[in-house]
Amino acid sequence: VVGTTTTIETLNLANNRFTGSIPSSIPLGLSTFFVPPCFFQYIYLDSNVPTTIGELSQLEYLVLKSNEFTGTLPTEMGRLTNLETLDISDNKKIRGLLPTELGRLDRLGTFKAHSMSLSGEIPFEFGNMSKIQWFELSNNNLNGTIPSTLGMLSWIEFLLLRRNFLTGTIPTELGQNTNLEVLSLDRNKLTGNMPDTVCALADYVSFSEMQLDCDVGCTCCKSCNQGFDDCG
């Protein structure tokens, strides 16, 4: 029935106990009539995120957090170029790679994909998210290096990458993010030293917190994390 409705602008299914999957009729209907925004929140769905969700070309807010979705993130999400908020966090059964196509979402202000089972590298294309302010990929199985292109996110305020398996050194380009308030990189396998360009961010009034492992040398850090304890 919902899929045949032509006047829906907001579909909010929050705080229910629905089970099953998102029927394809919902994305197809909303796409046809260009009706943003749409929320799927706290409804305990347990299927793949449908590829037809990419047909919602006018969607601005997509919240799928805290469900039981399985499979991988569809590359078709990269078609949602009007998205301002994408929150798919706390879906621990979603695995696989982050689609590089998400880098096309240049209107995105909030991207939360924490507490999942994502693996592979952070795509360098994510540096094209030019309006991002909150970027969170904590508590996953991501590896590889931190892309230097994340230094192009001039509006970013929260860069949260803790509890992954990231390696290599911290890019000096992150020091270009002068609006940064919180930088969380601890519980990874990073090496080397905190770049002076990033330490210089501590002089900005907006900057409030830096979380880092003790294995990384840092002249500007007040504390660092080793295991589950802090060390000075």
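Cys218 is partly exposed, with a relative accessible area of 24%. Here buried means under 20% relative accessible area, exposed means over 50%, and partly exposed falls in between (1.4 Å probe, protein chains only). The model is predicted: local features need pLDDT of at least 70, side-chain atom pairs count only at pLDDT 80 or more, and totals for chains, interfaces and linings use all residues. Residues are numbered from 1 along each chain as its sequence is written, and side-chain values use heavy atoms, with hydrogens and water left out.

Cys218 is joined to Cys221 by a disulfide, S to S 2.0 Å. A disulfide is taken as a pair of cysteine sulfur atoms within 2.5 Å. The torsion about the S-S bond of Cys218 and Cys221 is about 80 degrees, so this disulfide is right-handed. The count by this rule comes to three disulfides.

Cys214 and Cys224 form another disulfide, with sulfur atoms 2.2 Å apart. Its S-S torsion is about 95 degrees, so the link of Cys214 and Cys224 is right-handed. Cys214 lies in the loop between strand 14 and strand 15, and Cys224 lies in strand 15, so the pair ties together parts that are ten residues apart in sequence. Helices (H or I, at least four residues) and strands (E, at least two) are DSSP runs, numbered from the N terminus. Cys224 is buried, at a relative accessible area of 12%.

Cys199 and Cys220 also form a disulfide, and their sulfur atoms are 2.1 Å apart. This link of Cys199 and Cys220 is left-handed, with -75 degrees about the S-S bond. The pair links distant parts of the chain. Cys199 sits in helix 2 (residues 196-199), and Cys220 sits in the loop between strand 14 (209-211) and strand 15 (224-226), 21 residues apart. Cys199 is buried, with a relative accessible area of 10%, whereas Cys220 is partly exposed, at 27%.

The count of salt bridges comes to four. A salt bridge requires a side-chain nitrogen of Lys or Arg within 4 Å of a carboxyl oxygen of Asp or Glu. Arg162 forms a salt bridge with Asp186, the closest N and O atoms being 2.7 Å apart. Distant parts of the chain are linked by this pair. Arg162 is in the loop between strand 10 (158-160) and strand 11 (167-168), and Asp186 is in the loop between strand 12 (182-184) and strand 13 (189-190), 24 residues apart. Salt bridges that share partners join Arg162, Asp186 and Arg187 into one network. Asp186 is buried, with a relative accessible area of 0%. Arg162 counts as partly exposed, at 23% relative accessibility.

The side chains of Lys93 and Glu68 meet in a salt bridge of 3.5 Å, N to O. Lys93 lies in the loop between strand 4 and strand 5, and Glu68 in the loop between strand 3 (61-63) and strand 4, so the pair ties together parts that are 25 residues apart in sequence. Both are partly exposed: Lys93 has a relative accessible area of 43%, and Glu68 has 33%. A salt bridge of 2.6 Å, N to O, joins the side chains of Lys92 and Asp90. Lys92 counts as exposed, at 52% relative accessibility, while Asp90 is partly exposed, at 27%.

Ser89 lies in the loop between strand 4 (85-87) and strand 5 (95-96). Ser89 is buried, with a relative accessible area of 3%. Contact means heavy atoms within 4.5 Å. Not counting residues up to four places away in sequence, Ser89 touches Lys65, Ser66, Lys112, Ala113, His114 and Met116. Ser89 and Ser115 are 26 residues apart in sequence and 5.9 Å apart in space, C-alpha to C-alpha.

The largest nonpolar core has 50 residues, of which Phe111, Phe135 and Leu161 touch the most other members. Such a core is a set of buried Ala, Val, Leu, Ile, Met, Phe, Trp, Tyr and Cys residues joined through side-chain atoms within 4.5 Å. Beyond residues up to four places away in sequence, the contacts of Phe135 include Phe111, Ile122, Phe126 and Met129.

The secondary structure of the protein comes to two helices and 16 strands. Of its 232 residues, 50% count as buried. Among contacts between residues at least 6 apart in sequence, 57% join residues at least 24 apart.
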